[in-house]
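Have a look at the model first, then read on.

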Amino acid sequence: MVENKRGLLLVISGPSGVGKGTVCNALLENSDDTVVSVSATTRKPREGEIHGENYYFYTEEKFKEMIAQDELMEWACFCGNYYGTPRTPVLEALKQGKNVILEIEVQGALKVKSKYPEGVFIFVLPPSLEELRNRLEGRGTESKEVVEERLQTAIKEIQQSIKYNYFVVNDTVEQATSDIKTIINAEKARVERCNFKDEF
Ligand code: ADP
Ligand code: 5GP
């Protein structure tokens, strides 16, 4: 009777260490209609990170070439490194009816919002700033200086979070994942995203 063939563009932001990556991985489990966009970055790979899977790890020169060729749907500089979303794979996946998650920081997310207001913008909050520090330090992937820089940036990002559509608190991964699934289901059912089939 009604159908919604186009996938949702989901933008998920939140301070570094809040658990965005963990929650996105949990969302992908048992979900073949959702994909996560693989970003380009000039950051050095962490131990275990794979080129083409976690990120496309590029030199600054190559990254700037992608900007010049207009290959990125958004990009930003975060704590000294460039990050950006290759446009073509995102648009292709949406056309195929997949939900596409962009796990990106605030400046880039707000650029996407101005160009794709039909996207769904979710900000993931930590239960407390103390817990955010614990998670960032506990992950053990950044130096002490970089942890401090990311925590300072976190405060500025949280101040911008009111520009998003939804807050999700990542207290437990299970609850945060379930909250995001609820948001996806509700957004997919919005009248303005659905068409009546030809029979009407
Ligand atoms: P982000 O992608 O936002 O930078 P990560 O997904 O890498 O964050 O998570 C940061 C750290 O916090 C990781 O060590 C992860 O295992 C842990 N973590 C994520 N979610 C939770 C949670 N709900 N409770 C406790 N630890 C968490
Ligand atoms: P990390 O270095 O911890 O992997 O990522 C640092 C920050 O960059 C995180 O907030 C992450 O969401 C963000 N990020 C990752 N990919 C992109 C991207 O393509 N564009 C933007 N604007 N931010 C990104």
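1. A quick word on terms: a residue is near a molecule if one of its heavy atoms lies within 4 Å of it. Keep in mind that this is a predicted model. There are 16 residues around ligand 2, and those that come nearest are Ser39, Arg43, Tyr55, Glu74 and Tyr83.

2. Tyrosine 83 has a side-chain N or O atom 2.6 Å from an oxygen atom of ligand 2. For arginine 46, the distance from a side-chain N or O atom to a ligand 2 oxygen is 2.8 Å. Glutamate 103 also puts a polar side-chain atom 3.1 Å from an oxygen of ligand 2. The protein buries 96% of the 510 Å² that ligand 2 exposes when taken alone.

3. As for where this happens, ligand 2 sits in the largest pocket. Strand 6 (72-78) and strand 7 (81-86) are the elements that give two or more residues to the shell around ligand 2. By type, the shell residues split into seven charged, five nonpolar and four polar.

4. Now the backbone. Most residues other than glycine have a negative phi. Asparagine 30, not a glycine, has a positive phi of about 60°. Asparagine 30 belongs to the loop between helix 1 (20-28) and strand 3 (34-36), and it counts as exposed because its relative accessibility is 85%, the cut-off being over 50%.

5. Aspartate 70 is another non-glycine with a positive phi, about 55°. You'll find aspartate 70 in the loop between helix 2 (60-68) and strand 6.

Note on methods
Residues are numbered from 1 along each chain as its sequence is written. Chains are lettered from A and ligands numbered from 1 in the order in which they are written. This is a predicted model: local features need pLDDT of at least 70, side-chain atom pairs count only at pLDDT 80 or more; totals for chains, interfaces and linings use all residues. Side-chain values use heavy atoms; hydrogens and water are left out. A polar contact is a pair of N or O atoms within 3.5 Å; within protein, one must be able to donate a hydrogen and the other to accept it, and residues adjacent in sequence count only if both atoms are side-chain atoms. Accessible areas come from the Shrake-Rupley method with a 1.4 Å probe; for residues, only the protein chains shown count as cover. On a 1 Å grid over the protein atoms alone, a cavity is a set of points where a 1.4 Å probe fits but cannot get out, and a pocket is an open set with protein on both sides within 12 Å along at least five of seven lines; lining residues have an atom within 4 Å of a point. A molecule sits in a cavity or pocket if more than half of its atoms lie within 2 Å of its grid points. Helices (H or I, at least four residues) and strands (E, at least two) are DSSP runs, numbered from the N terminus. Ala, Val, Leu, Ile, Met, Phe, Trp, Tyr, Cys and Pro count as nonpolar, Asp, Glu, Lys and Arg as charged, and the others, Gly among them, as polar. Buried means under 20% relative accessible area, exposed over 50%, partly exposed in between (1.4 Å probe, protein chains only).
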